Amino acid sequence: MTYKIIYFGIKGRAEAFRLIFSALDVKYEDVIIKSADWPGYKPGTPWGQLPILEVDGQQLAQTSTICRYLGHTFNLCGETAWEDAKCDEYVDATNDLIEEWIGFKFLEPDEARKVERKAKFVSTLIPNCLAKLEVIKEKNGGDFLVGKKLTWADINVADKLAMLEGDIDSTILEGYPNLKMFKNAVFSIPRIKAYIEKSGYTYVNMDPGLG
Amino acid sequence: MSYKLYYFDARGLNEPLRMIFALGGVEYEDVRIPLGDIPPPPTIPAEIKEKCTWGQVPMLEFDGRKICQSLAMQRYFAKKFNLVGSDDWEAAQIDEYVDSSKDFLQVWVPPLTEKDPAKREELIKETKAKTVDKYLKTFDKIISANGGKRLVGKNLSWADLWLAHVLNNLELVGGVKLAEGFPALKALCDTVFATPEIKAWVEKRPKSKF
């Protein structure tokens, strides 16, 4: 099987895939689309968006779908249908948070509204989400969010937490000891740690036009 | 096993779950929270909201367990009732088309909840133009390439339910008929709504604005 990630040269929505591949030591090609080339490339994509995963030439779109597919292909998933459903639930719930971040950071044209939305994000939306996730993590015990082993949902959510630490506030997980331990557990996995150490990508999109 | 579903008195994002329940013959208590005159966003009664893990609906309780997030819930039951294709790749394509159908539905929320009639007309026109290429043509091509009636594989999937629901809902909420001129889209919708359990559900489901 040959795997290609087609995305921009940033962590963004593709980082979770790169982390999953690294954890598994599965080779993939990182096809980087430069912002200047995007307008010409866009019409040829299924939904006018990136990232895309190409598997033996067949394309798959939609970030969570790609993570879930890789999780199931490589057995980084729940051990029961119920655990799989919980993986989906936690990824979807944290997606809402990230979509709001993308909304005010990259897509909000009104400066005053942007400041307002960010303030609400920091004062209310982040704590609401993290508090709930903290309880979930604590109840599950062990190192991970669901069941006893690493799943695609752990990697997906840990990546989001790292992104919030990087862009909003590096102390964001203080006050959520279980989430702090969880994120460290995922990022200490030797292959993941090695990938992060040598990856030059950042979370922040340098080109606002890409969204 | 008793199922208790909490959502608004609406089809919205959760109708595919009710369609999946219809196909699976699931009996459930359908708790419908009044939507009010949106916008502003509806209020979830405190005694329900505090039970919802993320403070949102839909939420499903059964067998002493609880699950939230509309697509997570739907996927769990879609798997139970064989609506997820025949392998991991088909399941992933189905997920992709569900995600895109949901994006398609959400793009239409601002125009269809706009109260000013002139602004609403304008937004509907704009949104139609925006969504023809991105969603209608794309989905129509996918269905045609797959034999003309379904999005993925040989059998009905929950992606078919989602797309048929979005097109049906646009018609019910705003009189917007987008499948006209797209034979494969129309064939997909006809196939879904002719399925006996879906037909029966649509005939008896509560009438709601959204």
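This is a predicted model: local features need pLDDT of at least 70, side-chain atom pairs count only at pLDDT 80 or more; totals for chains, interfaces and linings use all residues.
Contact here means heavy atoms within 4.5 Å.

**Helix packing in chain B**

- Helix 6 (residues 117-145) of chain B and helix 7 of chain B have axes 13 Å apart and pack at about 160°.
- Angles over 145 degrees count as roughly antiparallel, so helix 6 of chain B and helix 7 of chain B are roughly antiparallel to each other.
- The crossing of helix 6 of chain B past helix 7 of chain B is left-handed.
- By class, the residues where helix 6 of chain B touches helix 7 of chain B come out as six nonpolar, one polar and one charged.

**Helix packing in chain A**

- Helix 6 of chain A turns up in two pairings here, with helix 1 of chain A and with helix 4 of chain A.
- For helix 1 (residues 15-24) of chain A and helix 6 (residues 152-167) of chain A, the axes come within 9 Å and cross at roughly 130°.
- That angle makes helix 1 of chain A and helix 6 of chain A oblique to each other, and their crossing is right-handed.
- On the helix 1 side of chain A, the residues involved are Glu15(A), Ala16(A), Leu19(A), Ile20(A) and Ala23(A), and they meet Trp152(A), Ile155(A), Asn156(A) and Asp159(A) in helix 6 of chain A.
- Sorted by class, the contact of helix 1 of chain A with helix 6 of chain A has six nonpolar, one polar and two charged residues.
- Helix 4 of chain A and helix 6 of chain A have axes that come within 10 Å and cross at roughly 25°, which means that helix 4 of chain A is roughly parallel to helix 6 of chain A.
- This time, for helix 4 of chain A and helix 6 of chain A, the crossing is left-handed.
- Among the residues that helix 4 of chain A brings to its meeting with helix 6 of chain A are Cys87(A), Tyr90(A), Val91(A), Ile98(A) and Trp101(A), while those from helix 6 of chain A include Trp152(A), Val157(A), Met163(A) and Leu164(A).

**The largest nonpolar core**

- In soluble globular proteins, nonpolar side chains tend to be buried together.
- The largest nonpolar core holds 146 residues, and the ones touching the most other members are Phe104(B), Phe139(B), Leu151(B), Trp158(B) and Leu161(B).
- Helix 4 (residues 81-107) of chain A gives the most to this core, with twelve residues.
- Beyond its neighbours within four places in sequence, Phe139(B) is in contact with Trp47(A), plus Tyr97(B), Ser100(B), Ser101(B), Phe104(B), Leu151(B), Leu163(B) and Leu185(B).

- Asn168(B) sits in helix 7 (residues 158-174) of chain B and is buried because its relative accessibility is 18%, with the cut-off for buried at under 20%.
- Setting aside neighbours within four places in sequence, Asn168(B) is in contact with Phe193(B) and Arg205(B).
- Arg205(B) belongs to the segment after helix 9 (196-204) of chain B, and at 8% relative accessibility Arg205(B) also counts as buried.
- With neighbours within four places in sequence left out, the contacts of Arg205(B) are Arg11(B), Glu15(B), Asn168(B) and Leu172(B).
- From C-alpha to C-alpha, Arg205(B) and Lys66(B) are 24 Å apart in space, and they are 139 residues apart in sequence.
- Lys80(B) is in helix 3 (residues 70-80) of chain B and is partly exposed, with a relative accessible area of 46%.
- Lys80(B) and Glu121(B) are 41 residues apart along the chain, and their C-alpha atoms are separated by 42 Å.

- Most residues other than glycine have a negative phi, and most peptide bonds are trans.
- The Ile38(B) to Pro39(B) peptide bond is cis, with omega near -20°, and Pro39(B) lies in the loop between strand 2 (28-33) and helix 2 (46-49) of chain B.
- Val57(B) to Pro58(B) is another cis peptide bond, with omega near 10°, and Pro58(B) is in the loop between helix 2 and strand 3 (59-62) of chain B.
- Asp63(B), not a glycine, has a positive phi of about 55°; Asp63(B) is in the loop between strand 3 and strand 4 (65-68) of chain B and is partly exposed at 49% relative accessibility.
- Gln69(B), likewise not a glycine, has a positive phi of about 80°; Gln69(B) is in the loop between strand 4 and helix 3 of chain B and is buried, with a relative accessible area of 12%.

Terms used
Residues are numbered from 1 along each chain as its sequence is written. Chains are lettered from A and ligands numbered from 1 in the order in which they are written. Side-chain values use heavy atoms; hydrogens and water are left out. Axes are lines fitted to C-alpha atoms, for helices over the stretch in contact, and angles run from 0 to 180 degrees between N-to-C directions. Helices (H or I, at least four residues) and strands (E, at least two) are DSSP runs, numbered from the N terminus. Angles under 35 degrees count as roughly parallel, over 145 as roughly antiparallel, 65 to 115 as roughly perpendicular and the rest as oblique. A crossing is left-handed if the near helix is turned anticlockwise from the far one by less than a right angle, and right-handed if clockwise. Ala, Val, Leu, Ile, Met, Phe, Trp, Tyr, Cys and Pro count as nonpolar, Asp, Glu, Lys and Arg as charged, and the others, Gly among them, as polar. A nonpolar core is a set of buried Ala, Val, Leu, Ile, Met, Phe, Trp, Tyr and Cys residues joined through side-chain atoms within 4.5 Å. Buried means under 20% relative accessible area, exposed over 50%, partly exposed in between (1.4 Å probe, protein chains only).
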